[in-house]
Amino acid sequence: IARDAAGLLLGMRLLEPGFTPERMRRPVVARIRPPASDVTDAAVDRALAATGWEIVEKPVPWWFEIRSYGRLLGAEGARANAELPRHLLNPVTRTAIERGVAVPRERVMELRAGLAEVQLRFLRLLDGVHALALPTLDRPTPRLTDRDLRLVQLTFPVNAARLPAVAVPVPGGSLQLVGRPYAEETLLGLVGRF
């Protein structure tokens, strides 16, 4: 939603007057490694190495288990947008809405019930650190003309967990920083270093 960290800070101050990024002497950030391309992982590792932060590795063996929550986001988004005139939508969006609306309500309720566990898993990862660091995309940044629109494989679990996150472009990729609930000050304090 902003061109750079300064623009993001301005936006937050417009929404919340007095918003001030947290100042940290030596942040501790947990590097997590959900499935991503070697190129993308290397770009994130280089960007983190240049920060001077203390980086700790934390495993996420459960990452594939939470992928089903993409269906929940798709279903909820589809229901919210189901009344949009179909003739105004591009074919990809139209198909996504149709698929999302087709998810049975019982399945949507099941997935909603499991969200608390997803959030707990992320909160456990955040114990003892200021933020989590992972790629924003699971592959190199696509061009605007690319047809593959699967761009949320690494962001929807964070969104499903209802945690604040910020994406930062870095040479060769994009870095996502994830914080605890209501920790926007911490995340902007970190982003200000890029």
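P35 touches W63, F64, D138 and L154, not counting residues up to four places away in sequence. This is a predicted model.

**P35**

- P35 sits in the loop between β1 (28–31) and α2.
- Its relative accessible area is 37%, so P35 is partly exposed.
- P35 and V118 are 83 residues apart along the chain, and their C-alpha atoms are separated by 17 Å.

**D41**

- D41 belongs to helix α2, which covers residues 38–49.
- D41 has a relative accessible area of 13%. That value is under 20%, so D41 counts as buried.
- Leaving aside neighbours within four places in sequence, D41 is in contact with R31, R33, A36 and P135.

**Helix α3 on its own**

- Helix α3 runs over residues 69–81.
- At 1.5 Å a residue, the 13 residues of α3 should span 18 Å.
- Y69, L72, A75 and A78 are the buried residues of α3.
- These buried residues pack against α4 (91–102), α5 and α6 (156–160).

**How helix pairs are described**

- Two packed helices are described by the angle between their axes and by the distance between those axes.

**α3 with α5**

- The axes of α3 and α5 (residues 105–125) come within 9 Å and cross at roughly 125°.
- Angles of 65 to 115 degrees count as roughly perpendicular, and those over 145 as roughly antiparallel.
- The crossing of α3 and α5 is left-handed.
- On the α3 side, the contact is made by Y69, R71, L72, A75, E76 and R79. On the α5 side, R105, V108, L111, R112, G114, L115 and V118 take part.
- The residues of this contact of α3 with α5 divide into seven nonpolar, one polar and five charged.

**α3 with α4**

- α3 and α4 pack at an angle of about 110°, and their axes are 7 Å apart.
- Angles of 65 to 115 degrees count as roughly perpendicular, so α3 is roughly perpendicular to α4.
- From α3, the contact uses G74, A75, A78, R79 and N81. From α4, A96, I97, G100 and V101 take part.
- The residues of this contact of α3 with α4 divide into five nonpolar, three polar and one charged.

Definitions and conventions:
Residues are numbered from 1 along each chain as its sequence is written. This is a predicted model: local features need pLDDT of at least 70, side-chain atom pairs count only at pLDDT 80 or more; totals for chains, interfaces and linings use all residues. Side-chain values use heavy atoms; hydrogens and water are left out. Axes are lines fitted to C-alpha atoms, for helices over the stretch in contact, and angles run from 0 to 180 degrees between N-to-C directions. Helices (H or I, at least four residues) and strands (E, at least two) are DSSP runs, numbered from the N terminus. A crossing is left-handed if the near helix is turned anticlockwise from the far one by less than a right angle, and right-handed if clockwise. Contact means heavy atoms within 4.5 Å. Ala, Val, Leu, Ile, Met, Phe, Trp, Tyr, Cys and Pro count as nonpolar, Asp, Glu, Lys and Arg as charged, and the others, Gly among them, as polar. The expected span of a helix is 1.5 Å times one less than its number of residues. Buried means under 20% relative accessible area, exposed over 50%, partly exposed in between (1.4 Å probe, protein chains only). Angles under 35 degrees count as roughly parallel, over 145 as roughly antiparallel, 65 to 115 as roughly perpendicular and the rest as oblique.
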